[in-house]
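Reader: Could you put the structure up, then take me through it?
Author: Here.

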Amino acid sequence: MSLRSSVTPVVASGTASAVKLLVAALAFTGAYVGVEASQNASGQARASAVADSQVQTVTLSAEAMPVTTAKTPESGVITVSAVASPRPCEKPYRAQSVIDNADPDGTVSYGWRLERWSPAAKKWRTYLTSHSGFTGGAQSVEWQPRIVNNPGWYRVKLSVSGGDVLNSEKFQVSC
């Protein structure tokens, strides 16, 4: 006699949250039905006491969390998005772009620059920099600068060897 075991697939993380919410809703519904049955079984005296007391309506709701996707921007465009931070005045950001290498056998060098608007000088000033490179065809590139305790207007600049310079939209950091 042979024993066969069956394997149950593991639920994906997004579906797992939905399953947990469904299980919680079913548990609450079961508890509510049990309380109702208990009240009906205890007789008319208890029902009249409940009717005499003030009725409170409870509204259940579920808040959906935003879905974040790692969508790669188009070539020639810089996208900048905020990244969650546990510290109130620490603001990490993710800057992304795609760099096309005209010569896949050659190396492309590129540099990121986070610039802050200076109201006194009335111009953009360099705040942070980072440099890197790669060999091959087109590549998605990413940089994660952090701004700590320095509110103001910022933008990200990407300089690619060969003269291409891209600017992101400006964004405001507050603390």
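Author: One definition to start with: a charge sits over a ring if NZ of Lys or CZ of Arg is within 6 Å of the ring centre and within 35 degrees of the ring normal.

Reader: Which charged end sits over the ring of W153?
Author: That of K170, 4.8 Å from the ring's centre.

Reader: What kind of model is this?
Author: This is a predicted model: local features need pLDDT of at least 70, side-chain atom pairs count only at pLDDT 80 or more, and totals for chains, interfaces and linings use all residues. Residues are numbered from 1 along each chain as its sequence is written, and side-chain values use heavy atoms, with hydrogens and water left out.

Reader: How many helices and strands does the protein chain have?
Author: Two helices and nine strands, in the order α-α-β-β-β-β-β-β-β-β-β along the sequence. Both are DSSP runs numbered from the N terminus: helices are H or I with at least four residues, strands E with at least two.

Reader: What share of the residues is buried?
Author: Of the 175 residues in the protein chain, 21% are buried. Buried means under 20% relative accessible area, exposed over 50%, and partly exposed in between (1.4 Å probe, protein chains only).

Reader: Aromatics next. How many pairs?
Author: The count is seven aromatic pairs. Rings of Phe, Tyr and Trp (its six-membered ring) pair if their centres lie within 6.5 Å; planes under 30 degrees apart count as stacked, over 60 as edge-to-face and the rest as tilted.
Author: Y93 and F171 form a tilted pair, because their planes are at 40°, with the ring centres 4.9 Å apart. This pair links distant parts of the chain, 78 residues apart: Y93 is in strand β2 (residues 90-99) and F171 in strand β9 (residues 171-173).

Reader: Are those two buried or exposed?
Author: Y93 counts as buried at 10% relative accessibility, and F171 counts as buried at 13%.
Author: Another pair is Y110 and W112, with centres 6.5 Å apart and planes at 90°, so that pair is edge-to-face. Both residues, Y110 and W112, are buried.

Reader: Which residues do ring pairs link into a cluster?
Author: Y93, Y127, Y154 and F171.
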